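Q: I would like to learn how to read the features of a structure such as this one, going from contacts to sheets and cores. Could we take them one at a time?

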Amino acid sequence: MTQIFAYIPHHGGIATDIALEYPAAAKKIDAAATLTAVVTGEGADLDKVADGLTATYKEVIKIGNQALAYPNGEVVRKALVNVLDPGSIVLAPNDTFGMDLSPGLAIKMDSAYVADAVDIEGMDGSLLKIVRQELGGAVSTHVTCDTSKGAVITLRPGAFAPIETGAAGGTVVDKSSEAGDLTSKRRFIEIVEAEVGDVDITKSDVLVSIGRGIEEEDNIEIAEELAKALKAVVSCSRPIVDAKWLEKSRQVGTSGQTVKPKVYMAMGISGSFQHMGGIKGNPFIVAVNKNPKAPIFQVADVGIVQDILEFMPELTEKVKSL
Amino acid sequence: MEILVCVKRVPDTAENEFELNSAGNDLDRDDLVFSVNEWDNYAVEEAIQIVDNVGGSVTVVTVGDEESEEVLRREMAMGANNGVLLSDDAFEGSDGRGIAAILKSEIEKGSYDLILTGAQADEGAGQIGGMVAAMLDLPYASLVNKIEVGDGKTIKVGREIEGGNQEMNEIELPCVLSIQTGINEPRYVGIRGIRKVASVEIPVRGAAALGVDPGVIGKDKAKVKRVDYFVPDLGEGAEMLEGSTEEIIDTLIEKLKSKGGL
């Protein structure tokens, strides 16, 4: 029978949302599989998250150690290799922690590795068929993963339907004593909080958000004009911040700000999942992009295939004339 | 500091509209434009800046066919001192673990203080750096957006984590880091720069020369195999507005009014 372990990150004793998404993924891997939650950490926070997870999981393994107080991927990996059964399937989130932990975990467990699964189509013998995306979401692929010696699979957060927190009545198993040597050549120092910018994009009902399609720094003024006419503010996707054209505080996405506007105007943004992950509250999304195949058109409410550098000034003029 | 940067030749997402072939199971590869993986340019730039400050050399390496030589030359035009092409028919179809094993063999032949990769490439897996580090038992940090070189035994690295925050770590050398975009501003490479390195010899090493474990390379040994490419049917998608720009704008404005945008 397939044994699946679900690694659950937590903050201050609260499990992250992925905890409710693992069960759907596990069911797609093998409906008869045993699904066990795994949490690492230290002290009261660890006890709290482990107890909370018994509502969703029949079995919850907790691994407590001072060295696990901050989730350093290098240290967590050592603990998991020592505690988890070889040959099992390990699930982790495809987020900044999971990306740190998982490739090396697969090597140390001598198992297959598939990153960023967006769907799972099921097991055929020992071959698991998984759906991923490549090229920034422009195309999808099916991959087969040989699970005969186990697998580590990271799931895209939000890709699997969350279950309701139930009354699983699970039990917590303390495996702290099996964690082994947790020394590491990488030591956590501190978190440097994001700088607060001049404009708070999280407070605006309407965002004019620009991406690569803006082409040049000087063209940002065109977006500012439209934003002014719409009483909106300008936000952006990652490449604009990488190019240092706007401050990091203007970036929408998992590595930037989470916004909840009423209307989101995606101007020249391709629509990577990291970008869309920063848009919450189901806003009305307008996408303008000259590439008709841009992934943003799959998630937007309204799409317009045009060059934003020509479209935005015309829209600005029209709005001003109202 | 001796630095190795692992780079990859990939289809350029900014220059291509990806279409499937007529069979509908692979990309239409006829007119694809290739370039260096975007993340790798940041890794090479970072390596060059470190060497400019503390001395040493930058070597760029890639696993690929003879066409991959062009990306090595491009990074050498940026300022990397050496290039190495790892190429062999036996490498074809390798999964991430296979590619990592090939790179590991090359890394073991040198004496590097720092091994850099891009945080991810065209396949979006972000797996090579972490795998190489685990194979070599070196410490690893992913998504690095800041490097402070210290006393030569350790460095400080910032990792980009959720919400725009940065996780600072101290890490012992030698180590493996995956580099996130935005860590620096990669320098421009002009035609003159490319010409300068056009005739520099780039050594090519195959499986035998590297002594790669044959048990993990090639399509037969890959645990993870791509079956096909497809474009998913995600329901209706956006309502596409068509017609003259004027008509589109009139429709859009009505919609914005009803949704609270105006």
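A: Two residues are in contact if their C-beta atoms, placed from the backbone, lie within 7 Å. In chain A, among contacts between residues at least 6 apart in sequence, 65% join residues at least 24 apart. This is a predicted model, in which local features need pLDDT of at least 70 and side-chain atom pairs count only at pLDDT 80 or more, while totals for chains, interfaces and linings use all residues. Residues are numbered from 1 along each chain as its sequence is written, and chains are lettered from A in the order in which they are written.

Q: How many helices and strands does the secondary structure of chain A come to?

A: Helices (H or I, at least four residues) and strands (E, at least two) are DSSP runs, numbered from the N terminus. Chain A has nine helices and 18 strands, and its C-alpha atoms fill a box of roughly 70 × 45 × 40 Å, taken along the principal axes.

Q: Which strands form the open sheet, and in what order?

A: Strands of a sheet pair through backbone hydrogen bonds, either parallel or antiparallel; here two strands count as paired if DSSP finds at least two bridges between them. The order is β8(A)-β9(A)-β10(A)-β12(B), with antiparallel pairing, and the edge strands, each pairing on one side only, are β8 (119-124) of chain A and β12 (224-230) of chain B. Five bridges join β8(A) to β9 (residues 127-134) of chain A, and A:M123 stands opposite A:L128.

Q: How many residues of each chain are in contact with the other chain?

A: The contacts involve 71 residues of chain A and 69 residues of chain B. On the side of chain A that touches chain B, strand β10 (residues 139-146) of chain A gives the most, with eight residues. A further pairing between the chains is parallel, with two bridges between β18 (residues 302-304) of chain A and β13 (residues 239-240) of chain B, where A:V302 stands opposite B:E239.

Q: Which residues touch the most other members of the largest nonpolar core?

A: A nonpolar core is a set of buried Ala, Val, Leu, Ile, Met, Phe, Trp, Tyr and Cys residues joined through C-beta atoms within 7 Å, where buried means that 20 or more other C-beta atoms lie within 10 Å of the residue's own. In the largest core, of 125 residues, they are A:A6, A:L91, A:V114, B:V5 and B:V132. Leaving aside neighbours within four places in sequence, A:A6 has contacts that include A:Y22, A:A26 and A:L91. A second, separate core of 49 residues includes A:V206 and B:I249.

Technical notes: A residue is buried if 20 or more other C-beta atoms lie within 10 Å of its own, exposed if 12 or fewer, and partly exposed in between; C-beta atoms are placed from the backbone.
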